[in-house]
Amino acid sequence: MYIREGGYAMATEILMPALSPTMEEGTLAKWLVKEGDTVSAGDILAEIETDKATMEFEAVDEGTVGKLLVAEGTEGVKVNTPIAVLLEEGESADDIGKAAKKAQPEAASADAGAEAAPEPQANGASEATAPAVAAIRAAEPPKPDWPEGTPMKSMTVREALREAMAEEMRADDTVFLMGEEVGEYQGAYKISQGLLDEFGARRVVDTPITEAGFTGIGVGAAWGGLRPIVEFMTFNFSMQAIDHLINSAAKTLYMSGGQMPCPIVFRGPNGAAARVAAQHSQCYAAWYSHIPGLKVVMPYSAADAKGLLKSAIRDPNPVVFLENEILYGRSFDVPQLEDFTVPIGKARIARTGTDVTLVSFGIGMTYALEAAEKLAENGIEAEVIDLRTIRPMDTETILNSVRKTNRLVTIEEGFPQSSVGNFITSVVMEQAFDYLDAPVINLCGKDVPMPYAANLEKLALVTTAEVIEAVKKVTYR
Amino acid sequence: MAARKPAGKPNISGDDLRKYYREMLLIRRFEEKAGQLYGMGLIGGFCHLYIGQEAVVVGLAAASKDGDKQITSYRDHGHMLATGMDPKGVMAELTGREGGYSKGKGGSMHMFSREKHFYGGHGIVGAQVPLGAGLAFADKYKGNDSVTFTYFGDGAANQGQVYEAYNMAQLWNLPVVFVIENNQYAMGTSTKRSSKSPNLWERGAAYGIKGEMVDGMDVLAVKAAGEKAVAACRAGDGPYILEMMTYRYRGHSMSDPAKYRTREEVQKMREERDPIDRVRELLTTGGHASDDDLKAIDKEIKAIVNEAAEFSKDSPEPDVSELWTDVYT
C-alpha cells in the first residue's frame with residue numbers, strides 16, 4: 001500500500017513505494033505529472049530509481065495532483081515518505097496540511113507484531129548499516145590488504161563486484177559471464193550492469209532458466225580452456241545444479257590424477273534477503289564448505305568483494321562466491337589500486353580486542369561489529385575476525401585470537417546443525433582447548449525454514465542482541 | 001533395433017577395414033581381459049564392459065579429426081581405447097595403480113586424457129551431456145572448428161538436463177554431436193519400460209536439432225553418419241543427434257546377473273549382429289585379408305592386451321602421499 005488516505009474528503013498522500021524486497025530508499029528520478037494535472041488509476045506518476053532498476057510508479061486512484069512534495073532528482077528518499085498529494089474532487093490545496101499531519105506511517109501496524117522480539121531493531125537484517133560502517137572505520141586492522149596511504153574511494157559492494165568482473169574480463173579474453181538475466185536485463189541485481197555493452201554477447205551470455213544445464217555447460221567450458229563466471233540469480237537456485245558443482249567441478253581434478261583443473265567461479269546472492277520466505281532465504285556457506293575441491297568465499301565489505309572476486313576468477317580451482325543481497329547496496333572504502341586483489345584463504349581482523357573473539361563472515365559481520373561497538377561501551381573489548389574465506393579456512397588467525405582472548409562466539413545466518421561455527425568449534429577444541437575459559441557459543445539462524453511474517457523473520461535471524469548476550473555469557477558478566 | 005541393411009559392396013579400402021577390425025578387436029579383448037581381472041579380484045568396485053558396442057566408438061573415431069573432443073558416461077573403456085589412449089594406462093587405472101591414467105584415483109569410471117582430448121569418464125547418469133555441450137561452447141568461443149562427441153545411453157536420454165543442454169546447444173549452435181548409445185537397457189530397465197516414445201533421437205526435433213537413427217552394430221554406417229554430423233557441426237550448423245542402435249552382451253556391470261533378458265536374445269544378437277564378425281566377413285569376402293592376416297591381427301591384439309594386464313598388475317599402488325594431492329591445483 002503506497003497510498004495513504006488522510007480521511008474523509010481530505011487529500012491523499014502518495015508515499016515513496018518499496019519496489020523490491022530489500023529497498024529502503026530510492027531516487028525520485030523524474031516526475032511525469034505536474035501540479036494541477038488530473039490523473040486516473042494506472043497513469044504513470046513518476047520514475048523511481050532503486051538499487052536494482054528504474055521503475056515506473058503508477059497512480060492507483062483518480063484525482064488532481066495537488067502538490068509535489070519531493071523534487072525530481074532527489075536521492076535517498078526513504079520508503080513511505082510522502083512524495084505528493086492527490087486531491088479528490090472538491091478538495092483544494094488547503095487540505096494538504098491536514099492530510100500530512102493526520103497520517104500515520106503504514107509500517108506502524110506491521111511493527112507492532114514485532115515487539116515480542118528480544119531484539120528491538122526494526123529489521124535485524126538491514127538497519128545496522130550506519131553503525132557497521134562506522135565500526136569498520138573505527139577499527140584498526142593490524143594488516144590492511146593495501147599499502148598505507150593508498151587513496152580510497154567509497155563504493156557499494158555491487159559496484160565493487162562489477163569492477164572486479166570488468167577488470168578481469170578486460171585482462172583475459174577467456175573470462176566470460178553466464179547466467180539468467182546477466183546481459184540484456186543488466187543483471188537481476190544490477191551486478192552485471194553495463195557489461196554487455198562493453199564486452200558483447202559473446203562474453204556476457206544470457207541463459208534460459210535451466211540451472212543444471214548451464215552450470216554443466218559452464219564446467220565443460222572451464223575444462224575446454226575458458227574461465228567462466230556462472231551467476232546464480234540466487235544460490236537457492238544452485239540446488240538445481242549442485243551435482244555439477246560437487247560431482248563435476250569439485251571432484252574431477254582428483255579423479256583425473258591432477259589432469260583436469262576447473263577454473264570457474266559460481267557467484268550470486270546467498271542467504272536471507274528480506275521477506276522472501278523459506279525457498280529464497282538460505283545460507284549455503286556450510287553446505288559448500290563441506291566439499292574438498294571447492295573454495296568457498298563470502299565477503300562482507302566492498303574492498304573484499306572486489307579483491308576476492310578478482311582472485312576467485314584467477315584461481316585455477318572452482319570457487320563458490322557467496323554474496324548477499326542486503327550488502328549489495330552498502331558502501332565501503334575500496335583502495336584505488338591498479339590491480340587490487342585479496343588472497344583467498346586469509347581472514348581479516350576487522351577489530352582488535354582482548355576479551356572475546358567474535359568470528360563471522362558475510363552479513364554476519366554486521367551484527368558482530370555492531371555488538372562489538374556496544375560491548376565496548378560496557379568495557380568489553382571484542383576482537384572481530386571476518387573469515388572472508390570459509391574454505392580453505394584461516395584457522396590460524398582464529399586460534400591465535402582465541403589464545404589471546406580465551407573466549408569465542410561465532411556468528412552466521414545459516415542453520416545450526418553442522419554449521420560453519422560447529423567446525424570452527426571443533427578446530428578450537430582440538431588445538432586450543434586449554435586456552436578456553438568458557439564453552440564456545442555458535443550463533444546461527446534459527447533451526448526453522450525462513451518464515452515470511454515480518455516479526456517471525458526477525459526472530460529467525462541472528463541479531464546483534466544475541467551476540468551481546470552470548471558475549472556476556474562467555475565472559476561471565 | 002534398426003533393420004540390418006544389406007551388406008552390399010562398401011566403398012571402403014582394405015586398410016580402413018583392417019584398421020576398424022583391429023580397433024574393435026582391441027576393445028573386445030581388452031574388455032574380456034578386464035572381466036577376467038575383475039573375477040580375480042584385481043579390479044574392484046563397478047566395472048561396466050563395452051562388449052558388443054565397439055562399432056559405435058570406432059566408427060565415430062574414424063569420422064573425427066585430431067582436436068575433436070569426447071566425453072561419455074561410466075561405460076568408458078572403449079571410448080578411451082578408440083581415442084588412442086594407452087591400454088596399459090587404462091588397465092592400470094582399472095586395477096587402481098600408480099600407472100593408471102588417474103594415478104589410480106579415478107578407477108574404471110573416471111579417466112581422462114587431455115592429450116587425446118578425452119574428457120571422461122562420468123558417473124552421474126546424464127551429467128556429461130551439458131558438460132559436453134560446455135566443451136563445445138569453449139571451442140566455439142575460441143573460434144576453432146573442433147567438434148565434441150557427447151555420448152550417453154538410452155537411460156540418460158530421460159534425464160532432464162539432457163534437454164536443457166539440447167535447448168542451449170541449438171540456441172547457440174554449438175558444435176556438439178550428441179551420441180545416444182541405445183543398447184536397449186538402462187541397467188535392467190528396457191527402453192520399452194522407460195520411454196514412451198521409442199525413437200530417442202526424435203526428441204531433438206522439439207528443439208529443432210537434426211538427427212537420425214543409425215545401425216550401431218555396423219561400423220561403416222556409424223562412420224558415414226558421423227561424417228555427416230561432424231560436417232554439419234564444422235559448418236556452424238550444429239548440434240546433431242545420432243541414435244546408435246546397439247547392444248551390450250554383458251550385464252550392466254560385473255555384478256549384474258542380467259535376468260531382465262533371455263539368454264536367447266543375447267545369443268541371437270551375438271550370432272547375427274556382431275560388429276566384429278561383420279567386418280571380418282567384409283575383409284575375407286572382399287579379399288582384403290587372409291585367414292593368416294586375421295590370425296596375425298588377433299595375435300598382435302592379444303599381446304597388447306596381455307602386456308596391459310601385466311602392466312596393470314606390476315604397477316605399484318599409488319604412494320600413500322597421493323591421498324592428499326590433486327584436491328586443489
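The legends below walk through several close-up views of a predicted model.

Residues are numbered from 1 along each chain as its sequence is written, while chains are lettered from A and ligands numbered from 1 in the order in which they are written. Because the model is predicted, local features need pLDDT of at least 70 and side-chain atom pairs count only at pLDDT 80 or more, whereas totals for chains, interfaces and linings use all residues.

**View 1. Chain A as a whole.**
Let us start with chain A, which has 16 helices and 23 strands. Helices (H or I, at least four residues) and strands (E, at least two) are DSSP runs, numbered from the N terminus. Chain A has 477 residues, and 52% of them count as buried. A residue is buried if 20 or more other C-beta atoms lie within 10 Å of its own, exposed if 12 or fewer, and partly exposed in between, with C-beta atoms placed from the backbone. Among the contacts in chain A with a separation of 6 or more, 76% join residues 24 or more positions apart. Two residues are in contact if their C-beta atoms, placed from the backbone, lie within 7 Å.

**View 2. Where chain A touches chain B.**
Here 35 residues of chain A are in contact with 34 residues of chain B. On the chain A side, α6 (211–223), α7 (242–250) and α8 (252–255) each supply at least two residues. Helix α6(A) gives the most, with 10 residues. By class, this side of chain A has 15 nonpolar, 18 polar and two charged residues. In this sorting, Ala, Val, Leu, Ile, Met, Phe, Trp, Tyr, Cys and Pro count as nonpolar, Asp, Glu, Lys and Arg as charged, and the others, Gly among them, as polar.

**View 3. Helices α6 and α7 of chain A.**
The axes of α6(A) and α7(A) come within 10 Å and cross at roughly 20°. Axes are lines fitted to C-alpha atoms, for helices over the stretch in contact, and angles run from 0 to 180 degrees between N-to-C directions. The angle makes α6(A) roughly parallel to α7(A). Angles under 35 degrees count as roughly parallel, over 145 as roughly antiparallel, 65 to 115 as roughly perpendicular and the rest as oblique. The two helices make a right-handed crossing. A crossing is left-handed if the near helix is turned anticlockwise from the far one by less than a right angle, and right-handed if clockwise. From α6(A), the contact uses A:A212, A:T215, A:G216 and A:V219, and from α7(A) it uses A:H244, A:L245, A:S248 and A:A249. These residues divide into four nonpolar, four polar and no charged.

**View 4. Helices α1 and α11 of chain B.**
In chain B, the axes of α1 (residues 14–39) and α11 (residues 291–314) come within 9 Å and cross at roughly 40°. That angle makes α1(B) oblique to α11(B). The crossing of α1(B) and α11(B) is right-handed. Residues making the contact include B:L25, B:L26 and B:F30 of α1(B), along with B:I301, B:V305 and B:A308 of α11(B). By class, the contact of α1(B) with α11(B) has 11 nonpolar, no polar and five charged residues.

**View 5. Helices α2 and α8 of chain B.**
The axes of α2 (residues 54–63) and α8 (residues 219–234) of chain B come within 7 Å, crossing at roughly 45°. This makes α2(B) oblique to α8(B). The crossing of α2(B) and α8(B) is right-handed. Among the residues that meet are B:G59 and B:A62 of α2(B) and B:V222 and B:G226 of α8(B). Nine residues of this contact are nonpolar, two polar and two charged.

**View 6. Backbone details in chain A.**
The peptide bond from A:R391 to A:P392 is cis, with omega near -5°. A:P392 sits in the loop between β21 (389–391) and α13 (395–405) of chain A. A:R388, in the loop between β20 (382–386) and β21 of chain A, has a phi near 65°, a positive value in a residue other than glycine. A:R388 counts as buried, with 28 C-beta neighbours inside 10 Å. A:Y476 is not a glycine either, and its phi is positive at about 50°. Is A:Y476 buried or exposed? With 8 C-beta neighbours inside 10 Å, A:Y476 counts as exposed, and it lies in the segment after α16 (464–474) of chain A.
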